[in-house]
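Open the model in your viewer and keep the selection tool at hand. The stops below are given in the order to select them.

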Amino acid sequence: MESWQFPQGVHPNTSKPAIEPMASEASVPKREDFAKLVLQGPEPPSLWYELIGMLRKAVRYRSADKHFTLSVCAMSILHSLFPILEWSKSYSLKSFRSDIMAGLTLASLSIPQSIGYANLAKLDPQYGLYTSAVPPLVYTVMGTSREIAIGPVAVVSLLLSSMVKKIADPTLDLASYRKMIFTVTLLTGVFQFAFGLFRLGFLVDFLSHAAITGFMGGAAIVIGLQQLKGLLGLSHFTSNTDVVSVTRAVWVSFHEPWHPENFFIGCSFFLFILGMRFIGRKNKKLFWVSAIAPLLSVALSTLMVYVTRADNRGVKIIQKVDAGINSSSVKQINLNGPYVPECAKIALICAVIALTEAIAVGRSFSVINGYKLDGNKEMIAMGFMNVAGSLSSCYVATGSFSRTAVNFTAGCKTALSNVVMAATVMVALELLTKLLFYTPVSILASIILSALPGLINVQEVCILWKVDKMDFLTCMGSFLGVLFGSVEIGLSVAIGVSFAKVIIHSIRPQVQILGRLQGTSIFCNIKQYPMVCQTPAVLTTRIDTSFLCFINAKFIRERITGWITEKLDEIRSVVLDMSNVANIDTAGLAALEELREELLSHGIQMAIASPGWQVIHKMKLARLIDGTGEAWIFLTVGEAVEACLASKKSGDLEC
């Protein structure tokens, strides 16, 4: 058997070059010998080789002219873990000035939002500030995004409060609740780090864009309804998150004494924040007006309550906020208790949601600035920062879209703006916490409410309806699940519908009948291109699935045999175009063998065109080639059809 030369490169199972330099025209095989290339190719990369390749890619040093020594390996790992070592070399004073201004602007928004999100997570205000202090510092040295702003976010805060309360009720035992929060945060970081280390970013994709759109919209409405407690100044309120329970709690509260001053303060400053945001969007130079509006609202409302002593007339205030920067929470993490499996489940959900939001935000702004975001490095950075946060009294942090937009608009150049923000938050923790004593709770509710419209994307839902009804069903399933059930139900519905969509498409892949475009060797789907001509006596089909396996092999075989049965007197040959089939399992091989034997019993010849690399390799190992015959394996569909026509001496019937 002749050995053809293949494109220049390295053989996948050795480190030797695959060929000599480009062959001359004289050595190029003739058209009739092209099919032999399919059978004489090298073996595809083994699973072990691919795993080793992934490891090499993760740690290798980028400079090709350096030999792989221990010191080079160490430098490679350091540069991989700490991207700051790369971009800091070209950092300038001009960039530093831009980052300082962006960081200060970012801090003016982060401080009030962090306090509000801590309240949403059923934690004391200082824990929200802690989460805006330590994680951003870790991310700055390990993250690859220049614009992303790190800190607590509304959706993750809701996730924690709604799921952890089932283990420890914060109204009954706040200390145990905090321990569970820190334990979940540690495990969240471990999961995120593992995703990045083992390049498991595809797990985040299990939550599709449609599912996230619906989940975010439902969560935004639930969060908004939960803020009615602070906005109305209610003392008793349901801990459930579904819309029915919240609506019932609000209705019951109207029959109890309440103080309208809370509602007046909250609504007034809610409208003030929205007005400042409108001004900032109309005039890009006044972006800072929108950014400082929440902080200004906190300052003015606190001053109003203090001067008028409205707290004596029923206005709910924050009261004490512990001063000082983060204290250690190492001793509060419990990895030996009976609730660890439940904490791990919550952590896995939080890890996926937090990564999905952060990577989506980071990629959105990296595209605008023309650089590539490394998803695996982002996961490792997020993991490290949450592990560090869990040890320093922080809860789960991730990238915030609203704060990232402010950071970008403020002109940040690098992630150093997060350092400036964190330093400002630490100063506030040391010096300004006493000033927050008279801050009304309703102002925190108004700040959270003002951030929610960005989570509801009605336009995207309309696009989903027009483009893909299954995606729309996924979106509405997660939306209604969160709204009328719980966060867990919404996520379960979203993942369930997404998996159902994948399974349906896998079970029933497209199997098409092909026809030749007259005057060419191009074969197309006869339904999509009605003008093509079918070749009499030859049934040409294309299998449109990347993996011919146990889940779809029977369906594909029955679909082809059904067509053959309909035209049994006319068909003399069947050509299977397997150019789209990248891999096959034993069930797929068995289905091909059964199809070949069934065709043979009717005197019909089966030919296979353009099988994938893994497919032809497994067909050789399973000796399916011996049954089919090497002469009936072809490089192209055109060659297979011509061979079938020639073998039946029916070339005059060709279209």
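Predicted model: local features only at pLDDT ≥ 70, side-chain atom pairs only at ≥ 80, totals over all residues.

E594 has a relative accessibility of 39%, so the residue counts as partly exposed.

Next, select D577 and R542. Their side chains also form a salt bridge, at 3.0 Å from N to O. Here strands are joined: D577 belongs to β7 (residues 573-577) and R542 to β5 (residues 538-544), 35 residues apart. Are these two residues buried or exposed? D577 has 3% relative accessibility and therefore counts as buried. R542, with a relative accessible area of 18%, is buried as well, because the cut-off for buried is under 20%.

Move on to R309 and D311. This salt bridge spans 3.4 Å from N to O. R309 is partly exposed, with a relative accessible area of 34%.

Then select D468, D471 and K501, which are linked in a network of salt bridges. The count of salt bridges in the model comes to ten.

For the last stop, select V427, L431, L432 and L435. Together they form a nonpolar patch on the surface, with about 400 Å² of accessible area. L432 counts as partly exposed because its relative accessibility is 41%.

Definitions and conventions
Residues numbered from 1 in each chain as written. Heavy atoms only, no water. Patch = residues over 30% accessible without salt bridge, like charges linked within 9 Å, V, L, I, M, F, W, Y side chains within 5 Å. Areas by Shrake-Rupley, 256 points an atom, 1.4 Å probe, with all protein chains shown as cover. Salt bridge = Lys/Arg side-chain N within 4 Å of Asp/Glu carboxyl O. Buried < 20%, exposed > 50% of the residue type's maximum accessible area, 1.4 Å probe, protein only. Helix = DSSP H or I, 4+ residues; strand = E, 2+ residues; numbered from the N terminus.
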